[in-house]
Amino acid sequence: MSVSIVVIGLNHSTAPVQIREKITFQGDPNGSATKSFANNPGVSELMILSTCNRVEIIAIYDGNQSTENELIDRIASYHQLDRENFDDYLYIKRDSDAVRHVFRVASSLDSMILGEPQILGQVKDGYRKASEAATTGPILNRLMHRGFFSAKRVRTETNVGAAAVSVAYVAVELAKKILGDLQDKSVLLIGAGEMAELAAKHLISQVVKPLTVVNRTYENACVLASQLDGSAVPMNELEQALTTADVVITSTGSCDPIICSPNMRNVMKVRRYRPIFLIDIAIPRDVEPAVHDIDGVYLYNIDDLQSVASDNLGERKIEALRGERIVEEEVSKFMNWTETLDSTPTIIALREKLEQIRTSELARLNGKLAKLNTDERDLVDQVTRSIINKIVHDPISFLKQSGKNAKRTDYLDVTQKLFNLYDTNTPAAGENEISDQ
Amino acid sequence: MDLLFFQMAIALYVCAAVAYLVFLILPEGKRVNVAFGLMLAGFITHILSIFHRALFSGYFPLTTLFDAVSLFSLLIVGAFLIFRYHEPSPIFGAITAPLAAVLMIFGTTLSYQIQQPVVPILRSWWLPIHVLLALIGNGIFASMAIAGLMYMIQERLIKSKKIGRLYRMLPSLETLDAINRRGLPLGFFFLTLGIISGALWAGSAWGSYWSWDPKETWSLITWFVYAAMVHQRLVLGWRGRKAAIFAIAGFVLVMFTFVGVSAFLGGYHSFSGVESFRGMPRL
């Protein structure tokens, strides 16, 4: 009995969004889809991972191609699609490739945005659904736990998730490095366009104070301010607004700079050089570049933020290589474990047979033992038990350790014959008894 | 044998320094805990070394420059261990551990023999009070200088838009400025107490509170510099880079007053260990 693992799925790199949006299990909160897939007779354990970027069925199965085909057919029938529609986009990974794939996905090495942290939660979600639907077993349990462990190792031992890779996150990170905790800081938007709103959204989620909007047309400022629970200020009070703000996002369509060096110098004097972070996402620029040279002013334009983001992505890619090595280590540990699995039923059978002999012999001598008091009977029980344990200890550790030995099947065979293990009524030990350490 | 604990503490600080520096090159992991453990072990051994010396000499060991340097580095490491709970960034360790190690190694070049019998004036309760107050003040000024240095680096990185690993590792400008903001009045307070306690001690021992000994003069200069700093910060609203530069410059002066004055200018503050390389008789 060897373990067969398969991953059938598609993701952002193999399938276009038109296919990905059709094949999804996200509307399956009670795990009925997981159950229906696990009902396949060739499948012993199964879970479904479904995110906006990937759908994957992870199964422990009999290793037959027909079972794989049935699973794919079921994907088609579940979504009422023809199999030809998506067959080309599917990947099928088996055994160590499947394990590697699962570990890479959990560690976010296969994500669209390398190192993003959400995927681990999504994997855990799929696993939780499967265990609620009772479609998991010892092998899938271990696969998942080792996957979570790999993800944790990759996260703590590499910097793959460390640096921000989107402009909005880079801006928030910078704001924190300049101003510390953002909770009590105030945000000023100059320009009421859609760009300002987009850029500010992530920042606003970090602050408590209501934001201020300044715009050439006061009405538009009012509209955006009411959408974002802030207040509007007319353009001629800009300097006043600058003296109280900590983070400023400018995005007007103006051709001339709105903030120039001389008036910013005045503002800084009034602020007593309290630091201010200016984010200029307008093209042409709203803030004169020389403003950056004033003490306490930190000016970043959209290109600056973009280049930080892409530098950080480059760093993540280098760190990802180190992550791959960690995953590789974990895959080989897992594969070693699966190999010890085929010795487990033999070991259990051996133990059970000896225990059976012991109890039946004790029962046979029951009459003679009856003279003994309880303490002495306990002692006899203990002695026989420890003799058995001492005898089987060496053979069992030998069988466990011959994990990679080419002759292991021979050894297992010999053990079974020597002790006549499968002739008695010993059940062929089920997988349920394999402990999941 | 008499320096065994001290040398063990040095070895542990050096190991902690190496561990922290390795950490700066390699990505996050368990190494920080290892470095922190080494630091803590060094701290404990260091305390033992001071106790050992106290038992050996029979009173609070503060009569030599060696002892003052040892206690000073102990205070710095202690401040780091407490501060670590507020700001776990390992970069503080990467600065504190080498600093402590260097100070201690400098200490080993000084004579640590205690002259027997100890001059009567040093057998006074004023000794530990005066020295501890002065050293706590110095320790706070040292932390401000370290924060100031980090502020200058972080500020330059952000201004020049070099957003990399060092930038992520260094604390925020606000945190670093807060160390300066909170440390300044506190350090100034202890410096003032240190000077007053010294004057009172002198008054009770010699009947004269102030005698323009070089150490007294330089302490007074230091006091005026920090008084100016407090004024600039509180009244003129200096902050950030200016305050950081001031903290670094002030600490250079503190170190000169602490070590340099005894070594080059003499006076009755000369610690008994220093004369070996000055060849001048002390009080």
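**Exercise 1.** What should helix α6 of chain A span at 1.5 Å a residue, and how far apart are its end C-alpha atoms?

*Solution.* A quick note before we start: this is a predicted model, where local features need pLDDT of at least 70, side-chain atom pairs count only at pLDDT 80 or more, and totals for chains, interfaces and linings use all residues. Residues are numbered from 1 along each chain as its sequence is written, while chains are lettered from A and ligands numbered from 1 in the order in which they are written.

Step one: helices here are DSSP runs of H or I with at least four residues, and strands are E runs of at least two, numbered from the N terminus. Helix α6 of chain A covers residues 118–132, which is 15 residues. Step two: the expected span is 1.5 Å times one less than the number of residues, so this helix should span 21 Å. Step three: its end C-alpha atoms are 21 Å apart, which agrees.

**Exercise 2.** Find which residues of α6(A) are buried, and what they pack against.

*Solution.* Buried means 20 or more other C-beta atoms (placed from the backbone) within 10 Å of a residue's own. Among those that qualify in α6(A) are A:Ile119, A:Leu120 and A:Tyr127. The buried residues pack against α2, β2, α5 and α7 of chain A. Just past the helix, A:Ala134 has a positive phi of about 55 degrees.

**Exercise 3.** Describe chain B and its contact with chain A.

*Solution.* Start with the fold: chain B has 10 helices and zero strands. Buried residues are 40% of its 283 residues. Now the contact (C-beta atoms, placed from the backbone, within 7 Å): chain B gives 16 residues and chain A gives 20. On the chain B side, α7(B) has the largest share, three residues.

Technical notes
Contact = placed C-beta atoms within 7 Å. Buried ≥ 20, exposed ≤ 12 C-beta atoms within 10 Å, placed from the backbone.
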